[in-house]
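Student: I've got a model open and would like to go through a few questions on it. Can you take me through them?

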Amino acid sequence: MDLSWMGWTTPTMIFFVSIAFMIVIMIIWSIKAPQAPRVGILRIETTPGDRLFISLLGSAFICLAWLAFFGAPVWGALAVCLGYAASVFKWV
Amino acid sequence: MKKTQNQKAWFMVLPVLLLVAFSAIIPLMTVVNYSVQDTFGNNEFFWVGLEWFEEILHSERMHDALRRQIIFTLIIMTIEIPLGIFVALNMPKKSGLWTSLCLVLVALPLLIPWNVVGTIWQIFGRVDIGLLGYTLDYIGINYNYTQDATAAWFTIIIMDVWHWTSLVVLLSYAGLKSIPDDYYQAAKIDQASRWNVFRYIELPKMKGVLLIAILLRFMDSFMIYTEPFVVTGGGPGNATTLLSIDLVKMAIGQFDLGPAAAFSLIYFLVILLISWVFYTVMINSDKGNG
């Protein structure tokens, strides 16, 4: 099957594999150690899956803001995103 | 008694997963791939990194389209939500022929395809053959949506209100119908005013469906394309070029697939964020009520 029209590149492949990997890890984690939803600083009930979603969505905006203010590369933004994701999993 | 777990039910989800994969995930992956490359056709791509994102984020054209889009969405929601509630409150409550007739009449605009709605209003607004355009011109109002930006905005807003207020009416009406009579009887005993009945009984009971209405109207209006495109084509000039019209111009008109892909990803993220906020508020308010 010819998938050249999709224009795959190594970085985008790594990007999607990372997201798929995170989702698989979350599924395994939820099977091995089921967690009840909790209410954090946002005062909303979240499951680990919700926190992953909030982390990914927020990270996308952090990267866009970084690009708008500082331009490429976005390694600095990636560091901020990791800190943000850790905070979301700890406090949200 | 020990509960048995059967995980075979997950296989039932497979058809949906396949459908979503082909209709959403694979196209989204392709858009992400295009957003970091440049192409001149023939499936030949050149890596540009995040250049298109930077270009779009600093583009005046995108800022203007976003500003117009936000103004459009705010205006139509400010009109449609209160108007929809008002119409629903004045619909007959008891079942019968008159109620059914009202519901069918209210639902009619929702049944008309979007491009037909656009065509109806394009003709309706014409000064030479359209009833609206001709009447406004006859009473001395200078109305020409092809040349005047205010007239073009007036036309697309009125058209959207005509097309979509019905959805808010139907949802609000469903919410009102679910209120038991006991509440109204209690309010009558307490001699509550009409406003107090609305404020303390009807509005709280309609909250769930109203949040759905707001979410649907936000998503639809933020992605609107067909109706304004058919009526004004984004003009006069760029006066009614909303985000999706600008995006299609960029992707298909100019064949700038890379910038258009970056544009559509930013657009997607904005819609995803706002929809998530609405959804979360909706779910949490439901839990609060429950």
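Student: Which helix of chain B gives the most to the lining of the second largest pocket?

Tutor: Bear in mind that this is a predicted model. Helix 1, helix 11 (243-253) and helix 12 of chain B each put at least two residues into that lining. With 8 residues, the top contributor is helix 12 of chain B.

Student: How much space lies in the second largest pocket?

Tutor: Start with who is there: 17 residues line the pocket, and those closest to its centre are V31(B), L247(B), S264(B), L265(B) and Y267(B). By class the lining has 15 nonpolar, 2 polar and no charged residues. The space in this second largest pocket comes to about 430 Å³.

Student: Over to the interface. How much area do chain B and chain A bury between them?

Tutor: On contacts, 25 residues of chain B meet 24 residues of chain A. Carbon and sulfur atoms carry 76% of the buried area. In total, the two chains bury about 2200 Å².

Student: Which residues in chain B lose the most area to chain A?

Tutor: Together they make up 23% of what the chain B side buries. They are N33(B), L269(B) and W276(B).

Conventions
Residues are numbered from 1 along each chain as its sequence is written. Chains are lettered from A and ligands numbered from 1 in the order in which they are written. This is a predicted model: local features need pLDDT of at least 70, side-chain atom pairs count only at pLDDT 80 or more; totals for chains, interfaces and linings use all residues. Side-chain values use heavy atoms; hydrogens and water are left out. Contact means heavy atoms within 4.5 Å. Buried area is the accessible area (1.4 Å probe) that two parts lose on being put together, summed over both. On a 1 Å grid over the protein atoms alone, a cavity is a set of points where a 1.4 Å probe fits but cannot get out, and a pocket is an open set with protein on both sides within 12 Å along at least five of seven lines; lining residues have an atom within 4 Å of a point. Grid points are joined across faces, edges and corners, and a volume is the space filled by probe spheres set on the points. Helices (H or I, at least four residues) and strands (E, at least two) are DSSP runs, numbered from the N terminus. Ala, Val, Leu, Ile, Met, Phe, Trp, Tyr, Cys and Pro count as nonpolar, Asp, Glu, Lys and Arg as charged, and the others, Gly among them, as polar.
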